[in-house]
Amino acid sequence: MSDSKVVGTGAAAGAPRIGVVGGGQLARMMQEAAIALGIELRALVEAPDGATGQVVPLSVVGAADDADAVLALARGVDAVTVEHEHVPDEILAAAAGVAPVRPGASALAFAQDKLLMRRSLTDAGIECPRWFAARNDEEIASALRELGGWAVVKTPRDGYDGKGVAEIRLAPGGRCETSAPVGQWLDAAGGEGLLIEELVPFTCEISQLVARRPGGEIASWCAVETIQRGGVCAETIAPARVSSDVAGRAADVAKAIAEELGVVGMLAVEMFVDDAGRILVNELAMRPHNSGHWTIEGAVTSQFEQHLRAVLDLPLGSTDLLAPWAVMVNLLGSELEDPRDAYPEAMALHPSAKIHVYGKEVRPGRKLGHVTVCGDNLDAARAQARETVEALAGRGAPAGSPTARG
């Protein structure tokens with residue numbers, strides 16, 4: 001096992017065991033669900049003091065691209081899963097020889113490679129934005145002409161939270177204008193090229209979450225509306241403020257994708273909705289997803305519990321909402337050295353707000369936590385979640401709030 005070590009102590013006798021590759025907040029929140037079910041979670045963490053290393057007693061310290069570390073994790077567990085897509089296919093395939101890997105490498109490949117995903121969904125008749133693969137400047141310019149001179153350029157791999165994504169225009173004379181280092185992206189992509197796709201004039205963005213067991217049982221939550229800032233999800237509203245027809249079709253599309261790609265575990269399908277009611281698939285994630293954090297307090301079964309159930313091939317839980325509305329707002333950076341210093345203010349401000357802090361070092365724009373508020377009134381829930389996040393961000397209680405009034 002290269003440069004990896006095991007930290008922590010052992011497990012309860014007879015506990016089902018799941019190994020998760022990744023040490024961020026998603027694996028951290030899987031642990032909350034695992035504790036309730038008496039499941040032992042083992043994690044491959046980048047650092048023992050990271051978000052997951054702080055809360056998972058038995059972890060393997062190492063990198064996701066370290067085959068020895070991943071195999072060490074796989075030994076002695078009933079199944080292996082992931083909290084991010086950045087695990088090489090060949091390593092997942094090797095781990096599958098030791099324990100079931102869910103989702104498997106053949107499915108996860110479609111979340112790892114946007115071009116592969118676009119080709120597969122298009123072949124399956126699932127509507128996406130118009131797209132082209134471009135391997136050089138001439139092909140980029142040709143794609144832009146086809147798309148009206150203004151489009152989006154994406155790296156096929158490793159892009160997330162706005163990284164590896166930029167707008168691009170065709171200037172007079174055929175020159176491409178963009179803030180992105182397209183030349184560097186082309187070099188890194190090699191023969192695969194870049195993804196050029198239409199700039200969709202959408203009315204809103206939605207996310208549809210489903211979970212699937214190995215035998216095919218599927219459970220769906222309601223479609224949710226996501227509000228993005230700088231390419232990062234800032235807020236989620238459940239259910240999405242769309243027609244029942246759009247919501248039904250979103251669920252059908254996500255189920256079709258889960259079945260077509262053979263996904264096991266959670267699948268998040270991010271989609272655009274345009275003013276004609278069309279839904280266009282934008283991104284896929286085969287793991288718990290930021291747009292599903294509201295399910296911890298807002299649904300009978302959270303996405304994290306459901307993922308563990310699916311990975312262990314256990315019957316799936318109810319996805320019914322526990323309140324008419326649930327709003328999740330992300331804490332993206334903070335002016336405080338530690339957002340927990342604001343707990344007295346934040347907790348007094350709105351006692352019904354549920355605060356989650358991930359134990360991460362503060363950096364500008366970093367996902368440090370989230371706040372969820374459930375209730376009968378959407379506007380009130382949004383205001384309470386936003387105000388609680390503002391307090392955790394060190395920007396104080398808004399004027400007129402209970403804390404500000406003293």
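This is a predicted model: local features need pLDDT of at least 70, side-chain atom pairs count only at pLDDT 80 or more; totals for chains, interfaces and linings use all residues.
**Nonpolar cores**

The largest nonpolar core holds 47 residues. Within this core, Ile206, Ile257, Leu267, Val281 and Met286 touch the most other members. Helix 8, residues 244-261, gives the most to this core, with seven residues.

Leaving aside neighbours within four places in sequence, Ile206 is in contact with Val224, Glu225, Thr226, Ala240, Val242, Val246, Ala250, Val269, Glu270, Met271, Val273 and Ile279.

**Helix 2 and helix 3**

Two packed helices are described by the angle between their axes and the distance between the axes. Helix 2 spans residues 67-74, and helix 3 spans residues 89-96. They pack at an angle of about 30°, with their axes 9 Å apart. Angles under 35 degrees count as roughly parallel, so helix 2 is roughly parallel to helix 3. Their crossing is right-handed. From helix 2, the contact is made by Ala67, Val70, Leu71 and Ala74. Helix 3 contributes Ile91, Ala94 and Ala95.

| Residue | Relative accessibility | Class |
|---|---|---|
| His293 | 1% | buried |
| Gly317 | 13% | buried |

Both values decide the class. The cut-off for buried is under 20%. His293 therefore counts as buried at 1%. Gly317 counts as buried at 13%.

His293 is found in the loop between strand 16 (279-285) and helix 9 (295-298). The side chain of His293 makes a polar contact with the side chain of Gln303, at 3.2 Å. Neighbours within four places in sequence aside, His293 is in contact with Leu26, Met29, Gln303, Phe304, Met328, Tyr358, His370 and Thr372.

Gly317 lies in the loop between helix 10 (303-311) and strand 17 (325-332). Not counting residues up to four places away in sequence, Gly317 touches Ala219, Thr301, Gln306 and Arg309. Gly317 and Arg241 are 76 residues apart in sequence. In space, the two are 24 Å apart, C-alpha to C-alpha.

Definitions and conventions. Residues are numbered from 1 along each chain as its sequence is written. Side-chain values use heavy atoms; hydrogens and water are left out. A nonpolar core is a set of buried Ala, Val, Leu, Ile, Met, Phe, Trp, Tyr and Cys residues joined through side-chain atoms within 4.5 Å. Buried means under 20% relative accessible area, exposed over 50%, partly exposed in between (1.4 Å probe, protein chains only). Helices (H or I, at least four residues) and strands (E, at least two) are DSSP runs, numbered from the N terminus. Contact means heavy atoms within 4.5 Å. A polar contact is a pair of N or O atoms within 3.5 Å; within protein, one must be able to donate a hydrogen and the other to accept it, and residues adjacent in sequence count only if both atoms are side-chain atoms. Axes are lines fitted to C-alpha atoms, for helices over the stretch in contact, and angles run from 0 to 180 degrees between N-to-C directions. Angles under 35 degrees count as roughly parallel, over 145 as roughly antiparallel, 65 to 115 as roughly perpendicular and the rest as oblique. A crossing is left-handed if the near helix is turned anticlockwise from the far one by less than a right angle, and right-handed if clockwise.
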